[in-house]
Amino acid sequence: MKRVDDFRLRFGKRELVPIMIGGMGVDISTTDLALEAARLGGVGHISDAMINTVADRRYQTKFVKDKLKQYKFNVENADKAVVKFDLGTVEEATRLHVRSAMDRKQGDGMIFINCMEKLTMNAPKETLKVRLTAALDAGIDGITLAAGLHLGSLALIEDHPRFRDAKIGIIVSSVRALQLFLKKNARLNRMPDYIVVEGPLAGGHLGFGMDWAEYDLATITAEVIAYLREEKLDIPVIPAGGIFTGSDAVGFLETGAAAVQVATRFTVAKECGLPEKVQQEYFKADEDDIEVNQISPTGYPMRMLKNSPAIGSGIRPNCEAYGYLLDANGKCAYITSYNREVALHPDARRVSVMDKTCLCTHMRNFDCWTCGHYTYRLKDTTRQRADGSYQILSAEHIFHDYQFSTDGKIALPEAEAA
Ligand SMILES: Cc1cc2nc3c(=O)[nH]c(=O)nc-3n(C[C@H](O)[C@H](O)[C@H](O)COP(=O)(O)O)c2cc1C
């Protein structure tokens with residue numbers, strides 16, 4: 001019986017443990033979590049979601065306060081088109097975040113950054129270019145282009161000196177998306193270094209419609225592998241979404257995957273950014289406490305716990321401080337929904353907005369409890385304390401469980417001292 005450790009992810013001559021911890025914004029996949037993955041010989045991700053906000057929290061900058069001060073005059077205005085990011089702050093925040101990870105990196109693994117292209121920041125191309133460039137400048141090992149994969153992203157950094165040396169990967173949920181990306185980027189003569197195939201059981205936003213349940217990761221992964229073979233392209237394929245045990249991972253590695261990307265198991269690690277109170281909600285969840293809904297203003301379905309405070313919350317849009325989802329015209333679907341409810345209930349002190357949520361504010365405050373499908377199995381990965389709460393795990397424990405377990409088993413952590 002094989003275990004994950006019998007396989008290696010190969011990037012050229014470099015060999016890694018084939019476990020990649022996926023990016024989890026906003027700062028849920030923290031630097032500390034990514035550092036553990038790298039120390040243990042795998043790949044960890046930091047995320048650049050709401051990067052200015054994360055920098056303020058971690059590196060004592062004041063980007064959000066300054067932005068709010070600059071645009072305070074617009075807070076009551078329904079139109080947010082004037083609210084722009086200062087590109088210099090985005091660059092500085094990204095550099096600070098990437099440097100803090102790369103300076104502390106130990107071990108043979110790598111640290112990548114997850115860049116969701118749906119964070120359009122009221123100037124999609126300009127802000128994305130700055131985010132990608134600053135991450136490369138600051139020495140990131142690799143970039144994973146995620147949510148909303150923009151076919152023109154690679155071209156934004158084609159002149160960067162590290163364009164061909166840093167690893168660049170993409171996340172797709174279908175062969176079709178991969179084909180489009182490769183076609184569009186053929187002129188650059190630069191293939192992605194890895195392809196994450198994300199299936200419908202993943203956490204965060206899904207690359208499927210509300211018919212997600214009709215798809216399955218194994219089938220899509222097999223299709224992607226077959227397509228690459230046909231095209232004689234040797235690119236590592238990394239399935240993600242619902243790979244819960246080492247044995248699940250081995251199943252993919254034995255059928256041609258180069259590594260696996262996992263996330264949900266690590267949401268209950270002490271290095272993860274979620275506050276312990278929220279981690280306990282993840283542990284407690286049963287299968288029917290989890291839903292895929294359409295409240296994300298990005299337009300993508302998103303999986304989350306049904307008791308997330310973000311659901312139904314009718315807070316005033318906070319774009320003057322955040323504004324990461326404003327599109328090129330300064331619009332966000334939450335603003336439209338919020339304004340509609342305010343118009344319908346002019347006398348209400350507080351409205352409720354059911355169809356969309358202010359994702360920036362709620363992700364920033366850890367009030368949107370996005371999670372993978374198998375979150376309801378997390379309680380089986382740890383011990384329950386005498387008071388009914390669950391023991392938080394170390395990232396090392398979870399990583400090693402994936403790496404060494406067999407027979408679908410999950411190793412429980414040592415019992416903590418009472
Ligand atoms: C809490 C959480 C947040 C996530 N946030 C992001 C994100 O910001 N960007 C992204 O590309 N994927 C995100 N994902 C998806 C993961 O990176 C990963 O591909 C997927 O969840 C793997 O499946 P698993 O959670 O079943 O192991 C998130 C997943 C979780 C659980």
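**View 1. How do strand β6 and β7 pair, and over how many bridges?** Strand β6 (residues 142-146) and β7 run parallel, joined by 4 bridges; strands count as paired when DSSP finds at least two bridges between them. Keep in mind that this is a predicted model: local features need pLDDT of at least 70, side-chain atom pairs count only at pLDDT 80 or more, and totals for chains, interfaces and linings use all residues. Residue numbers start from 1 along each chain, as its sequence is written. The strand and helix names follow DSSP runs numbered from the N terminus, with helices being H or I runs of at least four residues and strands being E runs of at least two. Look for Gly142, whose bridge partner in β7 is Lys167. β7 also pairs in parallel with strand β8 (residues 194-198), again through bridges, 4 in number, and here Val172 sits opposite Val197 of β8. β7 (residues 167-172) is mostly covered, with 5 of its 6 residues buried (buried is 20 or more other C-beta atoms within 10 Å of a residue's own, exposed is 12 or fewer, partly exposed is in between, with C-beta atoms placed from the backbone).

**View 2. Here is strand β4, covered on both faces.** In a regular strand, side chains alternate between the two faces of the sheet. On one side of β4 you'll find Val43, His45 and Ser47, and on the other Gly44 and Ile46, all of them buried. β4 and β5 run parallel, with 5 bridges between them; Ile46 has Ile113 of β5 as its bridge partner.

**View 3. Lys105 sits in the loop between α4 and β5 (110-116).** Is Lys105 buried or partly exposed? Lys105 has 17 C-beta neighbours inside 10 Å, so Lys105 counts as partly exposed. Lys105 touches Leu35, Ala38 and Ile111, leaving out residues up to four places away in sequence (touching means C-beta atoms, placed from the backbone, within 7 Å). Thr31 is 74 residues away along the chain, yet its C-alpha atom is 9.5 Å from that of Lys105.

**View 4. Helix α2 crosses helix α4.** The axes of α2 (residues 51-59) and α4 (residues 87-104) come within 9 Å and cross at roughly 55 degrees, which makes α2 oblique to α4. Axes are lines fitted to C-alpha atoms, for helices over the stretch in contact, and angles run from 0 to 180 degrees between N-to-C directions. Under 35 degrees is roughly parallel, over 145 roughly antiparallel, 65 to 115 roughly perpendicular, and the rest oblique. The contact brings Ile51, Asn52, Val54, Ala55 and Tyr59 of α2 together with Thr89, Val90, Ala93, Thr94, Leu96 and His97 of α4. Sorted by class, that's 7 nonpolar, 4 polar and no charged residues (nonpolar: Ala, Val, Leu, Ile, Met, Phe, Trp, Tyr, Cys and Pro; charged: Asp, Glu, Lys and Arg; polar: the others, Gly among them).

**View 5. α4 also packs against helix α5 (residues 124-137).** The angle is about 30 degrees, and the axes of α4 and α5 lie 8 Å apart. Residues of α4 in this contact include Leu87, Glu91 and Arg95, while those of α5 include Glu126, Arg131 and Asp137. The tally for α4 with α5 is 6 nonpolar, 2 polar and 5 charged residues.

Terms used: Two residues are in contact if their C-beta atoms, placed from the backbone, lie within 7 Å.
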